[in-house]
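Work through the exercises below with the sequence and the coordinates open side by side. Each task is followed by a solution that goes step by step.

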Amino acid sequence: QAYNCLIHFYKRMPPHSRSPNCEGNPQGIKLLRDSLKSCNISSSSLLVSHVFVVFGASGDLAWKKIYPTLWALFRDRLIPQGTRVVGYARSKMTVSQLRENCAGTVKAKKGEEDLLDQFWAANKYVAGSYHDTADFDLLVKEMAAEEKPCANRLFYLALPPSVFKQITSMIKACCMSPTGWTRVIVEKPFGKDSTSSADLSCHLRELFSEEQLYRIDHYLGKEMVQNVISLRFGNMIFGPTWNRDSIANVKITFKEPFGTKGRGGYFDEFGIIRDVMQNHLVQLFCLTAMEKPVSTSPDDIRDEKVKVLKSVPALSLSNCVLGQYEGDPASEDPDARMGYLDDPTVPAGSTCPTFAAAVFNINNERWDGVPFILKCGKALGERKAEVRIQYKDVPGDIFDGSTVRNELVIRVQPNESVYLKVMTKTPGMSFTLQETELDLTYKSRYKDARLPEAYERLILDVFVGSQMHFVRSDELAEAWRIFTPLLKEIEEEKPHPIKYKYGSRGPPEADQLAEKNKFVYTGKYKWTPPVSSPSE
C-alpha cells in the first residue's frame, strides 16, 4: 500500500510532464522516482483523494518549512495528483494573504510561474480556534468538498506543545477520515522530561494508533543520516571493525555559527539539551550504535534503536560540560558582539546552556568501554554536523610514531560526504607517511542532483505510510529516561554555564572532556571538500 498512490500518479503523468527539462533537478528526481518503480500499482487509486491540513498555518514553521516543502513536492510531482492543502489557524486571512506571507520562501524559478499558481489554487484556508467544534465543522466541510470515495487525510501540527492535547482531541472528535486513512504529524518537542512526555504519549495513545502517529525529527530526513544504515550494514569492510576491539571513541557533533537571533525567550524554555541533544544527536547516536536489524522494515529498525537506548545509563552533571556564549567585542559582526544574555527576550541572569557536551556509555558487548561523546552548541565558529568514528592506535608501530588514528567521518551538513582518514606514503623517494582520505563527497559524485530537503523526504514518507524515519513512543520514553535526571539536576542546582566567546570552538573544558574519554586531536590535518573541475 505504501507507494501505490504515488506510483499510480507517476504512471498517469503525461509524457511532457515527466520530461527532465520541466524540472530543475532531473538527476535528483530520477533517483527518487527510480526508488519507487518496484512498487505495485493499485487500480483503485483513481478513486483516492488526499488532503493535507496545516494547523498553525500562519506561524513561522509553516511559512519557513511546511509550505516551501509542499511546494517543492508539488513542483517535482512527488505527491499524488489532486492533493489539496488546507491551512488552519486562529488568524483571519485569505489564501492570497497566506501566499504573500510565504513570498520569501515559496518561490518559482523562471518557467515555473504557472505551476506556482496551480499550487496556490490547490490551497484553502480556514480561520478558527483550537477548541470550538463549530470551527472544526467548517474545516471538515472544506476537506470534504472535493474528496473522493477513498479520502485520505494528513494533519500537520505546526503548533506549540501547549495546544497539542486540544488540537488532537478535536481531530479525533471531528476530522477522522470515514473512508480512508488518517495520519497525524507531531512536531518536537515531545514533552520536556519523562513525565510530560509520558503524559503526551498517553493522551495520543488514547486517540490514535501508533501507525497513525508520525513524530517528526527533521534530522532523520537528512541524506547522510539515512545513509548510516546503508554504510554500516551494506558493506563488509566496516562490520568486523565496528566494535570496541577497533574503535577508541565516537564523537557526534552539531554546531551552529549563530546565536538565538532575538528568539532567546523561546529557546530559554528548553535549552540546547532539549533543543538538539535529546533528539537530533540521540538519533545519530542510535543509528551509529544499534545492532543490525532483522530487516529494513520500520519496526525492526526502531526495535534496535530502543535496545541500544536501554543499554545507556542515565546522564548526570559529572560527565557533562555546559556553556553559554558571550559577545565578542572585537567582532565586526553586530550579532557576534551580542552575548546570549544581551538578547532582550532572555530573562536576566539566565543560566540556560547554549552549549553542552556529554558522554554516553553503552553497557553491551559491542560497545563496552567505548565512549560516545555528544557535543552541540550555538554561536560557534562554523556550521557542522557529523559523526566521527575514531579508531584505536595501530598496535606494533613500525613508523616511529608518525601514524595518527584512522577516522571515519560521516558529514551530515554542510557538504554531505563520507570520508575515511588513512595513512599513506608521501610521493617521492622517501618513506614518510602522510594523512589523507578516501572521499565520497556528494556534490562531486552526484553533480547534477539536488538532495531533497529533510522535510521533503519526511512528508513524502507520511504520504506513502513509511514510519522508518519517525520516532516511536517507546524510543521517545527511553531517550527521556536518559536525559531527565540530568535536566532535573540542572534545574535544581542551576550551575553557572562556562562562558565562551561567540565564534569560538566552545568551552575548552569540552575538549578536555573529549580528551579524558580517549579522543585524540592532532590538529595536523583538515579535510577540504573536493572541487570538481569544469571538464569533469
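## Exercise 1: two helix pairs

Task: determine how helix H6 (residues 133-144) and helix H7 (residues 164-175) pack, and at what angle.

Solution. The model is a predicted one, in which local features need pLDDT of at least 70 and side-chain atom pairs count only at pLDDT 80 or more, while totals for chains, interfaces and linings use all residues. Residues are numbered from 1 along each chain as its sequence is written, and side-chain values use heavy atoms, with hydrogens and water left out.

Step 1. H6 and H7 pack at an angle of about 55 degrees with their axes 10 Å apart, where axes are lines fitted to C-alpha atoms, for helices over the stretch in contact, and angles run from 0 to 180 degrees between N-to-C directions. Helices here are DSSP runs (H or I, at least four residues), numbered from the N terminus.

Step 2. H6 is therefore oblique to H7, since angles under 35 degrees count as roughly parallel, over 145 as roughly antiparallel, 65 to 115 as roughly perpendicular and the rest as oblique.

Step 3. On the H6 side the contact (heavy atoms within 4.5 Å) is made by Thr 133, Phe 136, Leu 139, Val 140 and Met 143, and on the H7 side by Ile 167, Met 170, Cys 174 and Cys 175.

Step 4. For comparison, the axes of helix H9 (residues 223-233) and H11 come within 9 Å and cross at roughly 10 degrees, so H9 is roughly parallel to H11. Here Val 225, Val 228, Ile 229 and Arg 232 of H9 meet Leu 284, Leu 287, Thr 288 and Ala 289 of H11.

## Exercise 2: the nonpolar core

Task: find which residues have the most contacts inside the largest nonpolar core.

Solution. Step 1. A nonpolar core is a set of buried Ala, Val, Leu, Ile, Met, Phe, Trp, Tyr and Cys residues joined through side-chain atoms within 4.5 Å; the largest has 144 residues, and those with the most contacts inside it are Phe 52, Phe 55, Tyr 67, Leu 139, Phe 285, Phe 360 and Phe 372.

Step 1. Helix H11 (residues 271-289) supplies the largest share of this core, 11 residues.

Step 2. Not counting residues up to four places away in sequence, Phe 55 touches, among others, Phe 136, Leu 139 and Ile 167.

How values were computed:
Buried < 20%, exposed > 50% of the residue type's maximum accessible area, 1.4 Å probe, protein only.
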